[in-house]
Amino acid sequence: MYFVYDVPDAAHRHGPHAEELYANFESEETIAALLDHARPYVDLEAVNIRSGNWVEKVGGGPVFNYTYGFGLLEESIHTTLTLESLGVDYRGAPPLGIYLSANKPYCSALLRGAGFECPRERLICLPFTMTMAENACRYFGEVAHLITKPAYEESSVGLVLCHNEPHALWAVVNALQASLAPTIVIQEYVEGFDVTVPIIGQAKPLLLPALVLQRDDDTEPFVFSAAAKATKHSVHYEPLSDWWPEAEEMIRRMARTAFALTRQRDYSRVDARLTRDGRCVFLEINANPQLGLGKASFAVAARAAGLELGQIMAAIMRHSPDDLDEASPVVRAV
């Protein structure tokens with residue numbers, strides 16, 4: 001069994017948003033630590049796609065695909081497309097699942113159509129004029145802050161919080177369009193807490209415990225950008241279950257709906273905002289999210305379920321999520 005990952009060398013770490021982009025990536029050290037942790041449960045051989053002959057190394061698999069969601073979509077999906085086209089037996093979202101989850105406007109439309117609340121948003125394309133900025137700010141009305149992000153990405157690069165003011169919005173959108181993406185989503189900023197649900201499996205996936213992102217200082221507006229996710233400074237996940245049972249049930253229904261509608265497989269994660277009055281607002285579903293040890297959501301959710309992250313990885317690799325259902329009463333069948 002092979003664990004296929006992506007750790008670029010120093011020569012690749014350049015260009016616009018390079019510092020923010022490469023903050024997403026694992027290192028050889030974190031990959032080695034993850035696999036050392038997993039090997040008591042599943043024996044995986046590490047293969048870096050930057051090695052040049054990774055396809056020959058993995059043969060027909062089976063492969064744990066840990067390459068999507070770190071870089072930008074066009075490059076990040078390439079390994080998945082290669083595995084799919086060669087008929088390799090791999091774990092992780094198929095191309096359709098990746099494209100559906102990365103298409104932020106369409107994904108929101110799907111969940112809105114299924115009856116869930118999503119932030120109000122506008123899709124902006126070049127050229128973005130001051131008149132367009134004024135119209136956008138007018139559309140969002142009394143909302144104090146807005147979120148801007150590339151419309152077709154999943155690595156949190158370009159996620160920016162700005163004031164609902166035309167000049168500020170114009171500057172942010174044009175900077176993103178000039179250096180990162182021609183199509184930008186503008187959303188209202190929803191006050192509240194970031195909540196997330198990790199999901200594993202295929203036809204009958206399982207939900208790990210829902211988590212809330214706690215911050216040392218929650219007095220200011222906050223977005224969990226790529227740089228913030230890399231350091232996780234002054235933040236940590238903890239189980240949501242002691243908060244509002246109704247909200248937990250809502251985000252679980254949201255998670256299983258998003259998983260099915262966006263054709264996810266093997267491992268994914270749903271993110272939402274939980275307002276202080278108990279509303280649950282869908283943000284996105286992430287295909288093949290980070291599985292790092294420590295503060296990462298999958299590791300925290302595994303511990304909350306009385307499991308090890310390595311057990312989760314073994315269940316994904318062996319198509320046996322039911323083993324976790326039997327091992328932990330906290331893990332919930334979809």
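Predicted model: local features only at pLDDT ≥ 70, side-chain atom pairs only at ≥ 80, totals over all residues.
Residues are numbered from 1 along each chain as its sequence is written, and side-chain values use heavy atoms, without hydrogens or water. Local features need pLDDT of at least 70 and side-chain atom pairs count only at pLDDT 80 or more, whereas totals for chains, interfaces and linings use all residues.

A nonpolar core is a set of buried Ala, Val, Leu, Ile, Met, Phe, Trp, Tyr and Cys residues joined through side-chain atoms within 4.5 Å; buried means under 20% relative accessible area, exposed over 50% and partly exposed in between, with a 1.4 Å probe and protein chains only. The largest such core has 62 residues, and within it Phe3, Ile312 and Met313 touch the most other members. Helix 13 (residues 309–317) supplies the largest share of this core, 7 residues; helices (H or I, at least four residues) and strands (E, at least two) are DSSP runs numbered from the N terminus. Apart from this core lies another, of 25 residues, which includes Cys107, Met254, Ala272 and Leu274.

Neighbours within four places in sequence aside, Met313 is in contact (heavy atoms within 4.5 Å) with Phe3, Leu34, Leu35, Ala38, Val42, Leu44, Phe64 and Leu291. The axes of helix 2 (residues 28–38) and helix 13 come within 8 Å and cross at roughly 80 degrees. Helix 2 is therefore roughly perpendicular to helix 13. Axes here are lines fitted to C-alpha atoms, for helices over the stretch in contact, with angles from 0 to 180 degrees between N-to-C directions; angles under 35 degrees count as roughly parallel, over 145 as roughly antiparallel, 65 to 115 as roughly perpendicular and the rest as oblique. Leu34, Leu35, His37 and Ala38 of helix 2 meet Leu309, Gly310 and Met313 of helix 13 in this contact.

Aromatic residues come next. The whole structure holds 9 aromatic pairs, defined by ring centres of Phe, Tyr and Trp (its six-membered ring) within 6.5 Å, with planes under 30 degrees apart counted as stacked, over 60 as edge-to-face and the rest as tilted. Tyr66 and Phe70 form an edge-to-face pair, 5.1 Å centre to centre with 75 degrees between the planes. Tyr66 is buried at 1% relative accessibility, and Phe70 is buried at 5%. Phe224 and Tyr237 are also edge-to-face, because their ring centres are 6.5 Å apart and their planes stand at 75 degrees. Phe224 lies in the loop between strand 11 (211–215) and helix 10 (226–231) and Tyr237 in strand 12 (residues 235–239), so this pair ties together parts 13 residues apart in sequence.

Ser156 is buried, with a relative accessible area of 15%. Its contacts beyond four places in sequence are Glu20, Phe224, Ser225, Ala226 and Lys229.

Finally, helix 12 (residues 297–304) is mostly covered, with 6 of its 8 residues buried. These are Ser297, Phe298, Ala299, Val300, Ala301 and Ala302. Their cover includes strand 9 (193–201), strand 11, strand 12, strand 13 (266–274) and helix 13. Just after helix 12, Gly306 takes a positive phi of about 75 degrees.
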